[in-house]
Amino acid sequence: MFRTAAIALAAGLMLTGCQGTARTGGGRPAFRGHVLGTPLSKPEFTLTATDGKPFDFRRETDGYLTLVYFGYTHCPDICPVHMANLGAVIPQFPPSVSDRIKVIFITTDPARDSLTVLRRWLDNFDRTFIGLRGPIDSVNAIQRAMGLPEAVIEQRDSSGGYTVGHSATVVAFTPDNKERVLYPFGTRQEDWAHDLPKLLKTWPHS
Amino acid sequence: MTVSFWCSAQGLPWSWTWRPYIGVWLLIGSIAGSYAYAVRRLTPRRFAGDDRPTTRREILLFGLGVLVLWVGSDWPIATLGAGYLLSVKTLQYLLFVYVAPGLMLLGMPRWLLRRMIRGRIPFRIAKLLTRPLIPLIVVNGVLLGSNLPVVVDGIGKNQFLVFALDITWMLSGFILWWPALGRLPELNPMSYPTRIGYLLLNIFLPTVPASFLTFGQFPIYSRYELAPRVYNISAVTDQQLAGITMKVGGGLILFSAMTAMFFRWHRGEEARERADEGARSDSTT
């Protein structure tokens, strides 16, 4: 699971031409995430949100700092940690910051993650997190568009359960609708607290 | 099933599947075995001064101490503490430092303690540790050092480093209780009021790391922040629980010991006064 995630991250970083951590003049990193050398455009797609309505990604997130993560609710380790950390940090910001951030979780396991299951799971972390579900082919195409590897079903056990290998990276789209920074597994709450307000300021809605 | 020497962070999702740790059994077995051997084979034939045969109470206290040590170092407490919950790691600290060594020291008969510090150097070390300054520095230094993020995050996955830290904690527990219990009169133990003051200092000093844990805005240790979650307990809640466990749990244990010492001192003073009064009335009649 971790091996797959690491490979996926490496592949993701290569595909997107990652520049590494951007630094200020003093040599301290400006952002704790990996800033892309060439930002990517925000892809256009529509999936189903947990309220059952179509969710037009580009329109609904226009002008917001949007954090996108691909995972699944049966994920035993990385997904809940990422979501828990975001769910712990964002409410601590003043509304002028937190109201301008959207967290979007796209399931890579639509077979098991019904809209109800997805909603209930996300509510463990934050009720404002948006859950999206769609056919796995569409989800994989979206991942490719964001420079991430596709999710793969990894291990099946005797009871029919399985794990899904997926990218462990949170993709940050700044308010100017560009994919600019990647946050791998290991990103800590203090890193989010440091970067998110800065991302809003550095690349405001154009 | 994986058999390990000692427990360490594995990064695997938490499950209630039992995990064996050979090193724990070896350690606990050797401590219990050594005590049994000492009591059965090394007990002197004649007792001098305040020496007396090992009592059932002492055996029970020592056994209880070893049991606490075992519970703290084996699955599930050690497993949860090593890689999942800081609050459980703190509970483990309390068991290793505040509970088990005190019980074990109370469970060791005086003749055995005297035998252990036979020789010039062991006796001098024992005498030095009976004064409060060095134990205060060592115990609280170990506590502060082992709570540094570089230590907590650095040793997580290496079972031998976790073992070394656990042993350091246990030793610091013996150093904590040695002057407080003052078992051997020939080492000039502190008076009861001084012992109470010493324990009181040991309640106040851990407040510093406990406050960092309780009031930290974000998780301090990546080892616990990035660990697979257990029952959806958030990293910050776990950290707050750890701070409260250290402060309240540790405080209650030491306060109970202080209370017991106070009453022992009080009883001693009363007995002395009664003896003085008896002597005065004898002299006037």
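Me: What makes residues of chain A and chain B count as being in contact, and how many are there on each side?
Reply: Contact calls for heavy atoms within 4.5 Å. In this predicted model, 17 residues of chain A meet that condition with 17 residues of chain B.

Me: How much area is buried between chain A and chain B?
Reply: It comes to about 1,200 Å², and carbon and sulfur atoms give 57% of that area.

Me: Why is the pair A:Arg188 and B:Glu225 called a salt bridge?
Reply: The label needs a side-chain nitrogen of Lys or Arg within 4 Å of a carboxyl oxygen of Asp or Glu. For A:Arg188 and B:Glu225, the closest N and O atoms are 2.7 Å apart, so the pair qualifies. The count between the two chains is one salt bridge. Polar contacts are counted too: there are six residue pairs of that kind between chain A and chain B, with both residues at pLDDT 80 or more.

Me: Which elements of chain A give two or more residues to the side that touches chain B?
Reply: They are α3 (78-89) and α7 (189-202) of chain A. The most comes from α3(A), with four residues. Sorted by class, this side of chain A has eight nonpolar, six polar and three charged residues.

Me: Why is B:Ser172 called buried?
Reply: Buried means under 20% relative accessible area. B:Ser172 has 1% relative accessibility, so it counts as buried. You will find B:Ser172 in helix α9 (residues 159-181) of chain B.

Me: Which residues does B:Ser172 contact, leaving aside its neighbours within four places in sequence?
Reply: Those are B:Val97, B:Val139 and B:Val142.

Me: And what about chain A as a whole: how many helices and strands are there?
Reply: Chain A has seven helices and eleven strands. Of its 206 residues, 55% are buried. Among contacts in chain A with a separation of 6 or more, 68% join residues 24 or more positions apart. The accessible surface of chain A is about 8,900 Å², and 52% of this belongs to carbon and sulfur atoms.

Terms used. Residues numbered from 1 in each chain as written. Chains lettered and ligands numbered in written order. Predicted model: local features only at pLDDT ≥ 70, side-chain atom pairs only at ≥ 80, totals over all residues. Heavy atoms only, no water. Buried < 20%, exposed > 50% of the residue type's maximum accessible area, 1.4 Å probe, protein only. Areas by Shrake-Rupley, 256 points an atom, 1.4 Å probe, with all protein chains shown as cover. Buried area = accessible area lost by both parts, 1.4 Å probe. Polar contact = N/O pair within 3.5 Å; in protein donor to acceptor, adjacent residues only side chain to side chain. Nonpolar A, V, L, I, M, F, W, Y, C, P; charged D, E, K, R; others polar.
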